Structures are given as C-alpha cells and as structure tokens.
Amino acid sequence: MANTAQTQSDQLKHAYWPDGSTIVRAEQVPWTEWALPGTWFKLLDYDRNRSYSVILLRIEPTAPATPHKHIGAANAYILEGGFSYEHGEVRAGDFMVEAGGVTHTPQIHSDGCVLLGFMYGVVAGFEEDGSLAGVVDVDWMIDQARANDAFAHLEDVVRT
Ligand SMILES: [Fe+2]
C-alpha cells in the first residue's frame, strides 16, 4: 500500500498513463488571460487538425459585453454563475450547444461565470461598430498559456 504522503503528492501531479491517457490536475494549472478583459482560461486539451480545444473559462461580471461569432460549434457546461444571450439565459448545471455560424452577445450575470468549454473552430470577436476585433484559435491559446507558464501539462502530450 502506498504511503499517504506519496499518494497525496501524486494527486497534485498531472499524470500520463502508459495507455496514452492524460490526467490534467486542473487545479494546478494557472489561469491565463483570455481574449477580453476579465476573462481567464485554462487549456485542458487541444487538436489543431480539428481546430478543437477544451478549456475552463472564467468570466468576471465586469467583462465587456461584445458580440462574437462561432465559426464552428461550441459546447459549454456551466459550472458556476451564468450569462444571458439574446434568446435567454444559461446557468450553473446547464449544458449549452452553441451552433456554428451563430453570432451573439453575452451578458455575464452578476456572480460571473465559470464553464467547461469544448470549441470547434475559431471564435471571432467584434467591436461595437461591427468591425473584427480579433480571432481566438488553438494556437493563440497555446501561445498565451505558454507565456503564462500554464502549458507545461500539455507540452509533451502528442497532439496535432
Ligand atoms: Fe458564444
């Protein structure tokens, strides 16, 4: 039987099993600034060939309400708080499928929001006048995370 101290220490380390599985101890990954002020993410997995990413996203209530377009679909499981789009609201415990091609503007609830997001394709953000503000893709998130020492858990994982 493993000694307790060793077991507790192992629980803090990311794990890479011989069968190819990756166990990310998400608590150990620092939050990295995302695309808008007051938004933070942790990159949990990615695949460039499919422009796919899995992220924890934390949005503070002060984050600006600006429109964005999903070039591909995005799925989100809301862990804390919530937000509203033009057609309704989503709250903790909800799972949302945001269809590819949709443009909408989130209004973050007063308690903010933390969600687990699965993104396919890029997300384009727009200024209030409709001009393109920027695009978030997998490479941008990797670069941001690396610069924040928040990518080491995926550095040696084989991904496209
Ligand atoms: Fe969205």
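Two strands pair here if DSSP finds at least two bridges between them, and the strands themselves (E, at least two residues), like the helices (H or I, at least four), are DSSP runs numbered from the N terminus. Residues are numbered from 1 along each chain as its sequence is written. The model is predicted, so that local features need pLDDT of at least 70 and side-chain atom pairs count only at pLDDT 80 or more, while totals for chains, interfaces and linings use all residues.

Begin by selecting strand S6 (residues 68-70) together with strand S12 (residues 123-126), which run antiparallel and are joined by 3 bridges. Within this pair, His-70 has Val-123 of S12 as its bridge partner.

Next, select Ala-76, which lies in strand S7 (residues 74-85). Ala-76 counts as buried because it has 20 C-beta neighbours inside 10 Å, the cut-offs being 20 or more other C-beta atoms within 10 Å for buried, 12 or fewer for exposed and partly exposed in between, with C-beta atoms placed from the backbone. Leaving aside neighbours within four places in sequence, Ala-76 is in contact (backbone-placed C-beta atoms within 7 Å) with Met-96, Glu-98, Leu-115, Leu-116 and Gly-117.

Move along to Ile-78, which, not counting residues up to four places away in sequence, touches Val-90, Arg-91, Ala-92, Gly-93, Asp-94, Cys-113 and Leu-115. Ile-78 and Cys-113 are among the residues that touch the most other members in the largest nonpolar core, which has 24 residues; such a core is a set of buried Ala, Val, Leu, Ile, Met, Phe, Trp, Tyr and Cys residues joined through C-beta atoms within 7 Å. At least two residues of this core come from each of strand S4 (39-47), strand S5 (52-59), S7, strand S11 (107-120) and helix H2 (138-147).

Finally, select H2, whose buried residues are Val-138, Met-141 and Ala-145. They lie on the same side of H2 because they cover an arc of only 65° around the axis, taken from the directions from the helix axis to the C-beta atoms. Their cover includes strand S3 (32-33), S4, S5 and S13, whereas the face turned away from the buried side carries the exposed residues Asp-139 and Ala-147. Just after H2, stop at Asp-149, which takes a positive phi of about 55°.

Key:
Two residues are in contact if their C-beta atoms, placed from the backbone, lie within 7 Å.
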